[in-house]
Amino acid sequence: GAAQAQQPSARRAEVEALRLFAETTHPRGREAAADADWRARWDSLAAEADTISIGAYFVRTRRALGWFRDGHTTVLPFEFVGPPPEGPFQLGLPIRVRAFHDGAFVNAAKEEGAPLVRGRITRIGDMDVVTFMRAIAQQWCGNDAWAHRWAGFHFSSPALLQGLGAIRDASAPVPVEVMIG
């Protein structure tokens, strides 16, 4: 019999729709469509969309849109657009972090995170804090100053920690090392 064309998965279809939307609506969309780096980002994401975690899918989509480097073309964290979908994005660490020029500090916490308040994070999951901050900046949609400003959101989301490579399992406990004093 004749081979039937396979329908793209929901994620792959979403990747293709986002890419087409950006190429047809963004003021620099035609430039993007002609750029090899742009095409490689989206082709890679489409090829791997069904095999990566939801956190990695989010991060890779944001990284693909980050080609524009305009700070506005991105995928927003759920804190700004409504409740997260079922799954790892509903999980959160009991800490809030703020990045400063001299490190990332726990500035608020509850429950088991309380002893970490005022501590400078040295490691989160499998990454030292410098490597983690670089991973945040690499996927950010705008300039590095804004990546630095919004970095704290990434420290408390197991889905983003997984997507950035700091942890393997978003539902497992996340080790956080801090230096106090």
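Buried means a relative accessible area under 20%, exposed means over 50%, and partly exposed lies in between (1.4 Å probe, protein chains only). By that scale G87 is partly exposed, because its relative accessible area is 34%.

This is a predicted model, in which local features need pLDDT of at least 70 and side-chain atom pairs count only at pLDDT 80 or more, while totals for chains, interfaces and linings use all residues. Residues are numbered from 1 along each chain as its sequence is written, and side-chain values use heavy atoms, with hydrogens and water left out.

**Overall layout**

The protein has 9 helices and 5 strands. Helices (H or I, at least four residues) and strands (E, at least two) are DSSP runs, numbered from the N terminus. Along the sequence their order is α-α-α-α-α-β-β-β-β-α-α-α-α-β. The C-alpha trace spans about 65 × 40 × 30 Å along its principal axes. Of the 181 residues, 39% are buried.

A contact means heavy atoms within 4.5 Å. Among contacts with a separation of 6 or more, 57% are between residues 24 or more positions apart.

The accessible surface is about 10400 Å², and 54% of this surface belongs to carbon and sulfur atoms. Such areas come from the Shrake-Rupley method with a 1.4 Å probe; for residues, only the protein chains shown count as cover.

**Two nonpolar cores**

A nonpolar core is a set of buried Ala, Val, Leu, Ile, Met, Phe, Trp, Tyr and Cys residues joined through side-chain atoms within 4.5 Å. The largest one has 27 residues, and those with the most contacts inside it are V97, I124, F132, M133, I136, F155 and L161. Each of α4 (54-65), β1 (95-100), β2 (103-109), β3 (120-124), α6 (129-139) and α9 (158-163) supplies at least two of its residues. Helix α6 gives the most, with 5 residues. A second, separate core has 15 residues, including W42, A46, L65 and W67.

**Helix α6**

Which residues of α6 are buried? They are V129, F132, M133, A135, I136 and Q139. An α-helix has 3.6 residues a turn, so residues three or four places apart point the same way. The face of α6 turned away from the buried side carries the exposed residues R134 and Q138.

M133 lies in α6. Leaving aside neighbours within four places in sequence, M133 is in contact with A99, H148, A151 and F155.

R19 is in helix α1 (residues 10-25). R19 counts as buried because its relative accessible area is 17%. Apart from neighbours within four places in sequence, R19 is in contact with W38, R39, W42 and D43. W42 is also one of the residues of the second core.

G87, by contrast in location, is found in the loop between α5 (78-81) and β1.

Two C-alpha separations are set out here.

| Residue pair | Apart along the chain | C-alpha separation |
|---|---|---|
| M133 and G103 | 30 residues | 9.6 Å |
| G87 and N143 | 56 residues | 30 Å |
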